[in-house]
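Please look over the chain before reading on. The paragraphs below lead from single side-chain arrangements to the way the parts of the chain are packed.

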Amino acid sequence: MTGEPTAAQVRAALAEQADPADAIHLQRFFKTGPGEYGEGDVFLGVRVPATRRVAKGFTTLPLKQIGDLLDSPVHEERLAALFILNARFAAASKPRTRDERARAEMVEFYLDAVRRGRVNNWDLVDSSAEYVVGAWLLDKDRALLFELAQRDSLWERRVALLSTFAFIKAGDPSTTLELALLLLDDRRDLIQKALGWMLREIGKRNDPTLLTDFLDAHAPELGRTALSYAVEQLTPEQRTAYRAMR
């Protein structure tokens with residue numbers, strides 16, 4: 001590729017991978033019908049591995065061009081934009097060449113996209129929050145996540161939770177546990193699933209006792225979906241006991 005890459009080139013590369021039959025399946029899978037959380041989303045029919053491959057060819061795409069893709073009505077174009085943003089953020093985070101100004105600019109760019117409703121499905125959040133916001137906040141104050149967790153937007157709340165996956169992987173589940181207390185009463189399905197998933201990961205990656213201590217204290221307050229996800233890797237006896245506490 002010669003010259004600066006463009007959003008139009010990314011669109012063309014994705015279009016080459018499109019499959020109309022997959023598009024129909026994906027529109028159903030991501031709940032794009034009237035009143036559903038993905039209402040109105042448009043799919044080309046490009047599977048995630050193919051979208052990742054396309055994105056890898058455009059890791060120097062300028063932020064303005066990434067923004068053009070995020071403003072697209074096409075789901076895969078927004079997903080590709082986020083994969084590219086992740087790559088740019090990782091490049092700016094390398095220890096020897098760490099660029100704090102560029103990192104801060106990308107975090108603000110990402111949060112603006114979330115606020116504007118451009119990161120607006122669970123896969124878009126899950127593919128980006130920990131790699132941008134979570135990675136940014138690893139060594140910083142995390143008050144931002146508690147602000148996001150109290151917003152009305154489903155996607156901002158899910159970003160708050162999924163950002164903490166970076167902390168869990170780094171061995172620090174404390175923020176996840178604090179956010180869990182804040183979101184105990186949130187019964188939206190995609191928050192329930194995210195909450196249960198992050199709790200399960202604490203037990204899997206950090207310390208099983210942290211998970212069981214949390215459940216001993218709060219299982220009766222958790223929604224059924226969150227509890228079901230949280231206990232997936234516990235023993236059958238533990239799963240039965242915690243489910244009986246509701």
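A charge is taken to sit over a ring if NZ of Lys or CZ of Arg is within 6 Å of the ring centre and within 35 degrees of the ring normal. In this predicted model, the charged end of lysine 140 meets that condition over the ring of tryptophan 136, at 4.0 Å from its centre. A further case is lysine 169, whose charged end sits over the ring of phenylalanine 165, 4.3 Å from its centre.

The phi angle of lysine 31 is near 55°, a positive value in a residue other than glycine. With a relative accessibility of 36%, lysine 31 counts as partly exposed. Another loop residue, serine 72, is found between helix 4 (63-70) and helix 5. Is serine 72 buried or exposed? Serine 72 has a relative accessible area of 4%, and so it is buried; leaving aside its neighbours within four places in sequence, its contacts are Arg11, Glu77, Arg78 and Arg118.

The next step is to the level of domains. The domain assignment of the protein gives domain 1 (1-140) and domain 2 (144-245), whose centres, taken over C-alpha atoms, are separated by 26 Å. Across the boundary, 19 residues of domain 1 are in contact with 16 residues of domain 2, and the two domains bury about 1500 Å² between them, with 77% of that area on carbon and sulfur atoms. On the side of domain 1, the residues that lose the most area to domain 2 are Val125, Asp126 and Glu130, which together account for 30% of what that side buries.

As a general background, nonpolar side chains tend to be buried together in soluble globular proteins. For leucine 222, the contacts beyond four places in sequence are Leu184, Arg187, Leu195, Leu199, Phe214, Leu215, Leu227 and Arg246.

Helix 8 (residues 129-137) is mostly covered, as seven of its nine residues are buried. These are Ala129, Glu130, Val132, Val133, Gly134, Trp136 and Leu137, and they pack against helix 5, helix 6 (100-115), helix 7, helix 9 (143-149), helix 10 (154-163) and helix 11 (165-169).

Two further residues belong to helices in that list. Valine 159, found in helix 10, counts as buried because its relative accessibility is 1%. Not counting residues up to four places away in sequence, valine 159 touches Tyr110, Val114, Val125, Ala129 and Leu148, while valine 159 and leucine 145, 14 residues apart in sequence, are 8.1 Å apart in space, C-alpha to C-alpha. Arginine 115, in helix 6, is partly exposed, with a relative accessible area of 44%. Arginine 115 touches Glu108 and Glu156, again not counting residues up to four places away in sequence; from arginine 115 to glutamate 156 the C-alpha to C-alpha distance is 7.2 Å, although 41 residues separate the two in sequence.

Methods
Residues numbered from 1 in each chain as written. Predicted model: local features only at pLDDT ≥ 70, side-chain atom pairs only at ≥ 80, totals over all residues. Heavy atoms only, no water. Contact = heavy atoms within 4.5 Å. Domains from an automatic or database assignment. Buried area = accessible area lost by both parts, 1.4 Å probe. Buried < 20%, exposed > 50% of the residue type's maximum accessible area, 1.4 Å probe, protein only. Helix = DSSP H or I, 4+ residues; strand = E, 2+ residues; numbered from the N terminus.
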